[in-house]
Amino acid sequence: MNASTMAAEVKHVTGWSIAVSLLMILAGSLAIGLPVAAGIAVNIVVAWLLLFFGVAHLVFGWHMRAIGGVVWQLLLGALYIGIGVYLLMQPVAGLVTLTLALAIYLFAEGLLELILSFRVRPRQGWGWLLLDGIVTLILAIMIWRTWPASTEWVIGTLVGISMIFSGATRLMLSLAARSLVTKVA
């Protein structure tokens, strides 16, 4: 593959990345505008994922019966399915639990983004990763401090903010990559 073909391929890929970035920013804006609907939507998606993985654990456990450990796989599958059904049947009540889980997730994500930003620091665009990590940590702390009083709006609003910052970060990194390819090519 020659340099011009690679440059064209990178520009094509970064074009898609820019489009995804703009969609993330748009989706984040919608989530902020409709926080309760966004929170319930997140709850429903998580519930269906839990149901899917619960069934997967049951199937895996059934296939493991000759090896052993089937009981644990079946119990884990039943637990996932039970939580998934609960979240589908009680979407607003499920938001309380998901709000706490979101705080824990965003805290871990923020720490990992901070670590990543320092690992890629000499490269162009690393500051955007740093900013994304700091904002994500602030969001995690905000959720933790207001939980459970603001459960109805917090998931949609904070997920929206996180999506906007993640979309902006992806956009800046994509533009930096496209700029670098243009300079090299």
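The following legends describe close-up views of a predicted model.

**View 1. Packing of helix α2 against helix α3.**
Two packed helices are described by the angle between their axes and the distance between the axes. Helix α2 spans residues 35-63 and helix α3 spans residues 70-89. The two helices pack at an angle of about 160°, and their axes lie 7 Å apart. Because angles over 145 degrees count as roughly antiparallel, α2 and α3 are described as roughly antiparallel to each other.

**View 2. Crossing and contact residues of α2 and α3.**
The crossing in which α2 passes α3 is left-handed. Residues of the contact between α2 and α3 comprise 21 nonpolar and 7 polar ones, with no charged residue.

**View 3. The largest pocket and its centre.**
The largest pocket holds about 300 Å³ of space. Its lining is made up of 13 residues. Of these, Val42, Leu102, Tyr105, Leu106 and Val159 are the ones nearest the centre of the pocket.

**View 4. Helices and residue classes in the lining of the largest pocket.**
Two or more residues of the lining of the largest pocket come from each of the elements α2, α4 (91-119) and α6 (151-184). The greatest contribution to this lining is that of α4, which gives 6 residues. By class, the lining of the largest pocket consists of 10 nonpolar, 2 polar and 1 charged residues.

**View 5. The second largest pocket.**
About 160 Å³ of space is found in the second largest pocket. The residues that line the second largest pocket are Val120, Arg123, Gln124, Gly125, Trp126, Leu173, Ala176, Ala177 and Leu180. Helix α6 supplies the largest share of this lining, namely 4 residues. The lining of the second largest pocket divides into 6 nonpolar, 2 polar and 1 charged residues.

**View 6. Lys183 in helix α6.**
Lys183 belongs to helix α6. The relative accessible area of Lys183 is 62%. Because a residue counts as exposed when this value is over 50%, Lys183 is classed as exposed. Between Lys183 and Val154 there is a separation of 29 residues in sequence, and the distance between them in space is 43 Å, taken from C-alpha to C-alpha.

Note on methods: Residues are numbered from 1 along each chain as its sequence is written. This is a predicted model: local features need pLDDT of at least 70, side-chain atom pairs count only at pLDDT 80 or more; totals for chains, interfaces and linings use all residues. Side-chain values use heavy atoms; hydrogens and water are left out. Axes are lines fitted to C-alpha atoms, for helices over the stretch in contact, and angles run from 0 to 180 degrees between N-to-C directions. Angles under 35 degrees count as roughly parallel, over 145 as roughly antiparallel, 65 to 115 as roughly perpendicular and the rest as oblique. A crossing is left-handed if the near helix is turned anticlockwise from the far one by less than a right angle, and right-handed if clockwise. Ala, Val, Leu, Ile, Met, Phe, Trp, Tyr, Cys and Pro count as nonpolar, Asp, Glu, Lys and Arg as charged, and the others, Gly among them, as polar. On a 1 Å grid over the protein atoms alone, a cavity is a set of points where a 1.4 Å probe fits but cannot get out, and a pocket is an open set with protein on both sides within 12 Å along at least five of seven lines; lining residues have an atom within 4 Å of a point. Grid points are joined across faces, edges and corners, and a volume is the space filled by probe spheres set on the points. Buried means under 20% relative accessible area, exposed over 50%, partly exposed in between (1.4 Å probe, protein chains only).
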